[in-house]
Amino acid sequence: SQASSSLQQVSESPDCSEDGYADVDWDNLGFGLVPIDYMYIMKCTEDDDKFEQGKVSRYRNIELSPASGVLNYGQGLLEGIKAYRKEDGRILLFRPDQNALRMKVGAERMCMPCPSVDQFVDAVKQTVLANRRWVPPSGKGSLYIRPLLIGSGAILGLAPSPEYTFFVYASPVANYFKEGLAPLNLYVEEEFFRSSRGGTGSVKTISNYAPVMKALGRAKSRGFSDVLYLDSVNKKYLEEASACNIFIVKGNVISTPPTNGTILAGVTRRSIVEIARDLGYQVEERSIAVDELSDADEVFCTGTAVGVAPVGSVTYQDRRIEFRTGGGCVCSGLYSNLVGIQRGLIEDKKGWTIEI
Ligand code: COI
């Protein structure tokens, strides 16, 4: 296969323990970087907008011009995908084509050439296969895969970079929040905004993330799990949290803000919308005023890194609003369905998973 032929280019082969797994304390994984064996690299120069044949090579630091477009002007996109180990040991990828398509939309916005969907998905598969000993045992977490597209060429004036590099690296992970699977406590931020009309909030630019760190750090220092952002025009409608989309539940109706330009088009968000409709819920993608929180039964967050996370409380203007959480909740049913498909425990009737 293409994956194994690329691997032959790699000189050092990694050590494997007897059970074929890397030496990791699988019961104590969080969401920190665990350096793996291999990464994938593919380049594109300005002569044409096509990426050359990429290759798997040892995971290492990269060399970059101080004048590169990504370092000076933030010309870069990231993605997040998870690979899960089935109970029989085989590995499933969840909807990597959706991340490839989202990167295409983001690349167009950021004036970058982009790998084709086939190139992207093949690179992800090769990276996972090369690092298969880092995919956690079934039920212990997942391999979080991070594709990156950056303007790697040197440029001084403000313009698109003359060269682009596409990387894929990965790390074994478990729960994103230190709370684990316990309900999150969110804080509604009123000073800083994540995204503005006409900006880049709907695509996964690297430059969307550093600006949220200030509000996030402030909220964490006050004991909150994450920040919930409002829209920057009316300062009234829910947008999303720092690293995930938001949903509210009232009776049989599940609502989430629409992807109208400022909301990240989350793959988990879209999957949950579809699963919820299949389960008979009415799903509305609409503007949600922050005041509606007072009336909501449940609130939950979704994202690739985050998964589906219940929210126990939201604090808005010094008022703490609490929500139902726990076993019988809508959120918990949606979570079990999604994770069941991702881990191969529930039949995937939608063709969302790819076995590699
Ligand atoms: C993801 O959910 O994959 C993300 O990229 C969010 C990131 C801030 C961890």
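Gln 317 lies in the loop that separates strand 15 (307-316) from strand 16 (319-322); helices (H or I, at least four residues) and strands (E, at least two) are DSSP runs, numbered from the N terminus. The structure is a predicted model, in which local features need pLDDT of at least 70 and side-chain atom pairs count only at pLDDT 80 or more, while totals for chains, interfaces and linings use all residues. Residues are numbered from 1 along each chain as its sequence is written.

**Confidence**

- The protein has an average pLDDT of 93, and 94% of the residues score at least 70; pLDDT is the predictor's confidence in each residue, from 0 to 100.
- For the complex, the predictor reports an ipTM of 0.98 together with a pTM of 0.93.
- Residues 1-9 have a pLDDT under 50, and the model gives them 11 contacts beyond four places in sequence. Two residues are in contact if their C-beta atoms, placed from the backbone, lie within 7 Å.

**Strand 15 and its partners**

- Strand 15 is joined to strand 14 (residues 298-303) by 5 bridges in an antiparallel arrangement, where pairing requires that DSSP finds at least two bridges between two strands.
- Cys 301 has Ala 309 of strand 15 as its bridge partner, and 3 residues lie between the two strands of the hairpin formed by strand 14 and strand 15.
- Strand 8 (residues 184-189) runs parallel to strand 15, with 4 bridges between them; Asn 185 has Ser 313 of strand 15 as its bridge partner.
- Strand 16 runs antiparallel to strand 15 and is joined to it by 4 bridges, with Tyr 316 opposite Arg 319 of strand 16.
- Strand 15 and strand 16 also form a hairpin, with 2 residues between them.

**Loop residues**

- Gln 317, in the turn of the hairpin of strands 15 and 16, has a positive phi of about 50 degrees. Gln 317 is exposed because it has 7 C-beta neighbours inside 10 Å; a residue is buried if 20 or more other C-beta atoms lie within 10 Å of its own, exposed if 12 or fewer, and partly exposed in between, with C-beta atoms placed from the backbone.
- Arg 95 likewise has a positive phi of about 50 degrees although it is not a glycine. Its place is the loop between strand 5 (91-94) and helix 3 (96-109).
- Arg 95 is buried, because 22 other C-beta atoms lie within 10 Å.
- Lys 350 sits in the loop between helix 7 (330-342) and strand 17 (353-355), and it counts as exposed because it has 12 C-beta neighbours inside 10 Å.
- Lys 350 and Leu 238 are 112 residues apart along the chain, and their C-alpha atoms are separated by 30 Å.

**Nonpolar core**

- The largest nonpolar core has 88 residues, of which Val 128 and Val 227 touch the most other members. Such a core is a set of buried Ala, Val, Leu, Ile, Met, Phe, Trp, Tyr and Cys residues joined through C-beta atoms within 7 Å.
- Not counting residues up to four places away in sequence, Val 128 touches Ala 83, Ile 91, Leu 93, Val 135, Leu 143, Ile 145, Ala 170 and Ile 356.

**Ligand surroundings**

- Gly 80, Tyr 209, Ala 243, Gly 303, Thr 304, Ala 305 and Val 306 surround the ligand, each having its C-beta atom, placed from the backbone, within 6 Å of it.
- The shell around the ligand has 4 nonpolar, 3 polar and no charged residues. Ala, Val, Leu, Ile, Met, Phe, Trp, Tyr, Cys and Pro count as nonpolar, Asp, Glu, Lys and Arg as charged, and the others, Gly among them, as polar.
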